[in-house]
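Work through the exercises below with the structure open. Try each task before reading its solution.

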Amino acid sequence: MSTDAIPATGADTPADDYLAKRTLRSGTAGWVLLAGLGVSYVISGDYSGWNFGLAEGGFGGLLIAAVVIAGMYLAMVLGMAELSSALPAAGGGYTFARRALGPWGGFATGTAILIEYAIAPAAIATFIGAYVESLNLFGITDGWWVYLAVYALFIGIHLSGAGEALKAMFVITGIALVGLVVFAIAALGKFDVANLTNIAPDPDATGSSSFLPFGYLGIWAAVPFAIWFFLAIEGVPLAAEEARDPEKNVPKGIIVAMLLLVVTGAVVLFLVTGALGAQDASASGNPLVEALGDSPAAKVVNYIGLAGLVASFFSIVYAYSRQTFALSRAGYLPTSLSVTNSRKAPVLALIVPGVIGFALSLTGEGAMLLNMAVFGAAVSYVLMMVSHIVLRVREPNMPRPYRTPGGIATTSFALVIAAASVAATFLVDPKAALFTLGVFCAFMAYFGLYSRHHLVAKSPDEEFAALAKAEQDLE
């Protein structure tokens, strides 16, 4: 046995016992719940965060960036639908890359996804704080106690089991979508085309105009914020081991979610900017509420907006726990992180990243945390699209219940845009991007020096890879 497949459990511990303590509850979700999960991952991005892109590119820059990024996500989702139908496991992108790129590529992808999912809730927690403060409930102000409360409450719910958590997410997401409908109806009466372009052009920026106040470079700088419209939808395959008929339901769920998010993203981009004005919206902590002014609809949207933020926070906690669980079960991270409780919920995989995220939320820098999360996401997108291309070339006969329309051409487009998105994070906030890169490199050093020698051969992801190698040897 190679050092890439040494059981981390030790020779005297049966593999069945090891895996029995690390199992999830199967058959929990159909495609409707999975589509709801995909929307819930992202819905907070409609309520806050994306608008900071107006300060980088103006309405025109953010609009162009959003169109390009929507195309990238649609192409990526179609690629991931194929991969998830062929390799349905809780590791999601890590599982795909492990099969295509080996242990190093698998861990690099899993690490990038984990960075994204650990940091994104911290950013959302700061937005929740802004919404809570604007509601003026019992005199509560934005602060660490708000962040602590949301982390403690929602991690606690997840510890009760996946079925309960997914159903709760579905209800909260439905409420958040109703909030967007209420906002859209109320904002139509306040819409003014002139508000879209009320940021003064920068005379020193190449190509600047009222449509592109910060010039052509502003389009690129707005990319990380355009990503916030769709960030984390790639987490749907993480529910594969808990889904019914995952080969069919995971692809259907992620595609339906993506199409719905394209519509909601377009609605808020145009209506918020047109009602509030690009200048004011660019620095708002709760742009949908401020766009409606002092009106009954604003109060309703404020309360429901809090539900939207909670939905994404809640669901991304689920996502980071499943990614941590999968990496730990296979030995890439300490194996204690993947032990599940009597409700089949991974206890430490929920708590440890949550503690890290809470610590990051104390910075209160939502825009900075957003950029850090986008860095991890974009790196994982590059690696996942490379994985799709590699598997299409190297394993053309691998069973694929769903096949990506356009094949390699589709995922190659997503790959190019994802690579540009990685570079864009350095343009927006170089220090945050460099710090996140440093964390990524530290994880890779841990793998190179230690965990690659302690992988668990019997884990599902390693067995997928072993099966592929055996098939290649036979050929």
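Helices are DSSP runs (H or I, at least four residues) numbered from the N terminus. Axes are lines fitted to C-alpha atoms over the stretch in contact, and angles run from 0 to 180 degrees between N-to-C directions. The model is predicted: local features need pLDDT of at least 70, side-chain atom pairs count only at pLDDT 80 or more, and totals for chains, interfaces and linings use all residues. Residues are numbered from 1 along each chain as its sequence is written, and side-chain values use heavy atoms, without hydrogens and water.

**Exercise 1.** Describe how α4 and α15 pack.

Step 1. Find α4 (residues 54–86) and α15 (residues 366–394). Their axes lie 10 Å apart, at an angle of about 50°.

Step 2. Classify the angle. Oblique covers what is left after under 35 degrees (roughly parallel), over 145 (roughly antiparallel) and 65 to 115 (roughly perpendicular). The pair is therefore oblique.

Step 3. List the contacts (heavy atoms within 4.5 Å). On α4 they include Met72, Tyr73 and Met76; on α15, Tyr381, Met384 and Met385 are among them.

**Exercise 2.** Which residues outside its sequence neighbourhood does Tyr73 contact?

Step 1. Leave aside neighbours within four places in sequence.

Step 2. Read off the rest: Ile227, Phe230, Leu231, Ile233, Glu234, Met258 and Tyr381.

**Exercise 3.** Is Ser361 buried or exposed?

Step 1. Locate Ser361 in helix α14 (residues 347–361).

Step 2. Apply the cut-offs: buried is under 20% relative accessible area, exposed over 50%, partly exposed in between (1.4 Å probe, protein chains only). At 0%, Ser361 is buried.

Step 3. Check its surroundings. Beyond four places in sequence, Ser361 touches Ala122, Ala125, Thr126, Tyr147, Tyr151 and Leu369.

How values were computed: Helix = DSSP H or I, 4+ residues; strand = E, 2+ residues; numbered from the N terminus.
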